[in-house]
Amino acid sequence: MFTTTGSRGLYKAPLSKGLLLVLNGLTVMLTLLPQYQEVFMYNLQAFTQQHQVWRFLCGRLVCLDVKDAFCSSLLIYNFRIFERRFGTRKFASFLLGTWCLSALMDFLLAQAFQFLFDYEVEELPAGLLAPVFSLFVPFYLLIPRMPVTQVLGHIHITNKSLVYIVGLQLLTSSPFMWLLALSGLISGGLYHSNVLWLQKILFVPIWVSRIGRYILEPLFSSSQPSSETPLGMGATLDIQRQQRMDMLDQQLLLAQYNEARRNTRPQSQSGLLQWTRLFPSLRHRGQNRPPMQPSPQAQTPPSTQPPLLDNSPVAEEQVRIHLCVSVYVYMWQPYETFLGEDFSATAVSQLMSFFVPQVARLVEMGFSRTDALEALRASNNDINMATNFLLQH
């Protein structure tokens, strides 16, 4: 449903896990004990007239509406990518800074609405809603937008569309939710752009971070998933991509070594790799086609072009197969080692004419040439899979 943000679950995201467990647990408890819900109501009138400052603390933490709690939990789970990318302390500082700024923005926007429309806003939706809306600012600015499909030929569906849909659902859940959303977006923009050095004023101190690391992190930490390939958890995206590609290279080498040991019978193909095993999709690609009768040798006119330069469907199929093979082994061994000595330089140029545009498209998207080559090699030259891989890791 959502964008793939590295490893599944809440691995390397203890703060996100703590927020999900604690806040949702309190929401369930208040649903079962409605007599205590009044304490956690976000009542602006009680703050302005009765000076109950604690309303800002209790009313802006726990959601009293189960639907709001569910939508905000989905968004927090999706935004855990920022905790992995920034680190827990910086992510906590962002939430703390936007929480404080949004408290001020809520009061100012409520007063401005009362001044313009002569309507007093007495109560706002409770919960950690404004900081959740503030996370849409780095989500819009830092997460790349990648088209996935189209609806009716004009409406583009991207890898971020469903996240915006959940945010829209949360926005329309109550009449004054737009005020919290606007407050959160303004606070997120101010804190992300570091206006008036807000990041140096509103932050989590180092000693608080150390206390949380030794006391709270062991309670909310998650183990690394064992059902999937381990992902790199470097501090930057370049380090994460390099770690991921190094792991894939090790797995490919190990698979090639195991395949060579299992290959005890002589094979017609030369080289270390057996393409019918490594590429099962290529093995069954032509099984539904009608059988083609080979033409006699005497009737075959001599051709001055290499076989791969023919325009027949069989030749085009060979070019695609050789392309996948060459991409898969690119930068490992020369082409002639796997494709045979009769694979001429002209055929190599023909092959690279298919391969280079794929690399150029990825480089134009902002990825380095090395990462593009590695992603294409790992995805068998599937441009969509390579793009997904580079964006998500």
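Student: Happy to start inside. Which helices each supply at least two residues of the lining of the second largest cavity?

Tutor: Some ground rules first: this is a predicted model, where local features need pLDDT of at least 70, side-chain atom pairs count only at pLDDT 80 or more, and totals for chains, interfaces and linings use all residues. Residues are numbered from 1 along each chain as its sequence is written, and side-chain values use heavy atoms, with hydrogens and water left out. Helices are DSSP runs (H or I, at least four residues) numbered from the N terminus. The helices asked for are α6 and α7 (129–134).

Student: How many nonpolar residues does the lining of the second largest cavity have?

Tutor: A cavity is a set of points on a 1 Å grid over the protein atoms alone where a 1.4 Å probe fits but cannot get out, and lining residues have an atom within 4 Å of a point. Here the lining includes Leu19, Phe91 and Pro131. Ala, Val, Leu, Ile, Met, Phe, Trp, Tyr, Cys and Pro count as nonpolar, Asp, Glu, Lys and Arg as charged, and the others, Gly among them, as polar. With no polar and no charged residues, the nonpolar count is 8.

Student: Which helix gives the largest share of the lining of the largest cavity?

Tutor: That cavity holds about 70 Å³ of space, a volume being the space filled by probe spheres set on the grid points, which are joined across faces, edges and corners. Among its lining residues are Asn24, Thr27 and Ser72. The largest share, 5 residues, comes from α1.

Student: How much space lies in the largest pocket?

Tutor: A pocket is an open set of points with protein on both sides within 12 Å along at least five of seven lines. This one is lined by 37 residues, with Pro14, Leu15, Glu83, Thr88 and Ala92 nearest its centre. By class, the lining divides into 22 nonpolar, 8 polar and 7 charged. The space in the largest pocket is about 1200 Å³.

Student: Is Ile211 buried, partly exposed or exposed, and why?

Tutor: Ile211 sits in helix α12. Buried means under 20% relative accessible area, exposed over 50% and partly exposed in between (1.4 Å probe, protein chains only). Because its relative accessibility is 44%, Ile211 counts as partly exposed.
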